[in-house]
Amino acid sequence: MTQPSRDLTLTGELVVGGGRETDQVMTGNGLPPGQRRVEGFPRFGTHLSRPAPAVPLAPVIEVRGAVTAHVDLPLAVLSDLPRTEITADFHCVAGWSATGLRWEGVSFETFYRALIEPALLPGATITHLLCRGLDGWKAAVTIEDVLAADVLLAQNLNDRPLDSDHGAPVRLVSPSQYGYINIKHLCRIDVLTAAPATTEGPLIRSHPRGRVWEEERHGFLPGRVVRPIYRSLIRPIRFLSSRGSRS
Ligand SMILES: Nc1nc2c(c(=O)[nH]1)N[C@H]1C(S)=C(S)[C@@H](COP(=O)(O)O)O[C@H]1N2
Ligand SMILES: [Mo]
């Protein structure tokens, strides 16, 4: 997908210090608006320098909310479902993008239809899933976005089991949405019939959908307004996150 030249110019204006010619070219050559390519795939998150949570001996995904009974799905059930693979770029709302990542796992829609849908309360209209990681990170995703064809429960990255930096033992991968929806160490899904109340303050309020091509970075401020503010957070968060890396 190519971006309009208007966007290329704007990105060029915001390039300061470390900005290189290639950043601008890459942005104009297929990254979503306001994103810049990084080398490799850094560990990044609100965990900062805290090490990743230990993987339980027998990991489960707890399913709660609008279900007839609480279900704890052992991760082993994923091996009974058809496997799928996608190659996609990964976009953090702060403005960095890692390119060409190969994820392997189970399509989220396949998982949902096979294991969650049969457990739903009869007549319930599901609007959102609230997903949580073992470290306590959580994000709500609309049912429409989470059932999109490119959403995966990923267990492998670039032909190896997910490491602790990137979400072992399983993570949600939704390449069309910013990183904050891509919950690492996924351990719980609450099935909801209405949007959850936001727990974030007004300043850093994530957009409820976070679609990268629409540049839905912030709850109410336009994407390009928050770009420079978010971008200034990349360096310190990357530094701290790498200090907590165990790989
Ligand atoms: N469990 C958990 N998942 C998380 C986060 C986190 O702090 N904890 N941070 C999110 C953010 S903001 C980003 S950009 C990506 C970073 O993923 P990575 O560390 O694999 O690069 O994870 C997302 N998922
Ligand atoms: Mo992020």
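1. Conventions. Helices (H or I, at least four residues) and strands (E, at least two) are DSSP runs, numbered from the N terminus. In those terms Thr193 sits in the loop between β11 and α5 (223–231). This is a predicted model, in which local features need pLDDT of at least 70, side-chain atom pairs count only at pLDDT 80 or more, and totals for chains, interfaces and linings use all residues. Residues are numbered from 1 along each chain as its sequence is written, while chains are lettered from A and ligands numbered from 1 in the order in which they are written.

2. Confidence. The predictor's confidence in each residue, pLDDT, runs from 0 to 100; its mean over the protein is 90, and 88% of the residues reach 70 or more. Over residues 1–27, however, the pLDDT is below 50, and beyond near neighbours in sequence this stretch has 25 contacts in the model, where a contact is a pair of residues whose C-beta atoms, placed from the backbone, lie within 7 Å.

3. Overall make-up. The protein has six helices and eleven strands, and of its 247 residues 33% count as buried. A residue is buried if 20 or more other C-beta atoms lie within 10 Å of its own, exposed if 12 or fewer, and partly exposed in between, with C-beta atoms placed from the backbone. Among contacts between residues at least 6 apart in sequence, 67% join residues at least 24 apart.

4. The core. A nonpolar core here is a set of buried Ala, Val, Leu, Ile, Met, Phe, Trp, Tyr and Cys residues joined through C-beta atoms within 7 Å. The largest one has 42 residues, of which Phe108, Cys131, Val141, Leu152, Leu153, Ala154 and Leu186 touch the most other members. The elements that give two or more residues to this core are β2 (60–65), β5 (96–107), α3 (108–116), β6 (128–133), β7 (138–142), β8 (152–157), β10 (171–173) and β11 (186–192). Leaving aside neighbours within four places in sequence, Val141 is in contact with His128, Leu129, Cys131, Val146 and Ile181.

5. The buried face of α3. Which residues of α3 are buried? They are Phe108, Phe111, Tyr112 and Ile116, and, seen down the axis of α3, the buried residues fall within an arc of 100 degrees, so they line one face of the helix; the arc is that of the directions from the helix axis to the C-beta atoms. An α-helix has 3.6 residues a turn, so residues three or four places apart point the same way. The buried residues of α3 pack against β2, β5, α4 (143–146), β8 and β11.

6. Thr193 is partly exposed because 14 other C-beta atoms lie within 10 Å. Leaving aside neighbours within four places in sequence, Thr193 is in contact with Ala66, Ala124, Thr125, Ile126 and Thr127; Thr193 and Ala66 are 127 residues apart in sequence and 7.2 Å apart in space, C-alpha to C-alpha. Gly123, in the loop between α3 and β6, is exposed, with 7 other C-beta atoms within 10 Å, and its C-alpha atom is 9.9 Å from that of Ala66, at a sequence separation of 57 residues.

7. Backbone geometry to check. The peptide bond from Ala168 to Pro169 is cis, with omega near 0 degrees, and Pro169 is found in the loop between β9 (160–161) and β10. Leu48, although not a glycine, has a positive phi of about 50 degrees; Leu48 belongs to the loop between β1 (36–37) and β2 and counts as partly exposed, with 13 C-beta neighbours inside 10 Å. Asp159, likewise not a glycine, has a positive phi of about 70 degrees; Asp159 lies in the loop between β8 and β9 and is exposed, with 8 C-beta neighbours inside 10 Å.

Technical notes. Contact = placed C-beta atoms within 7 Å.
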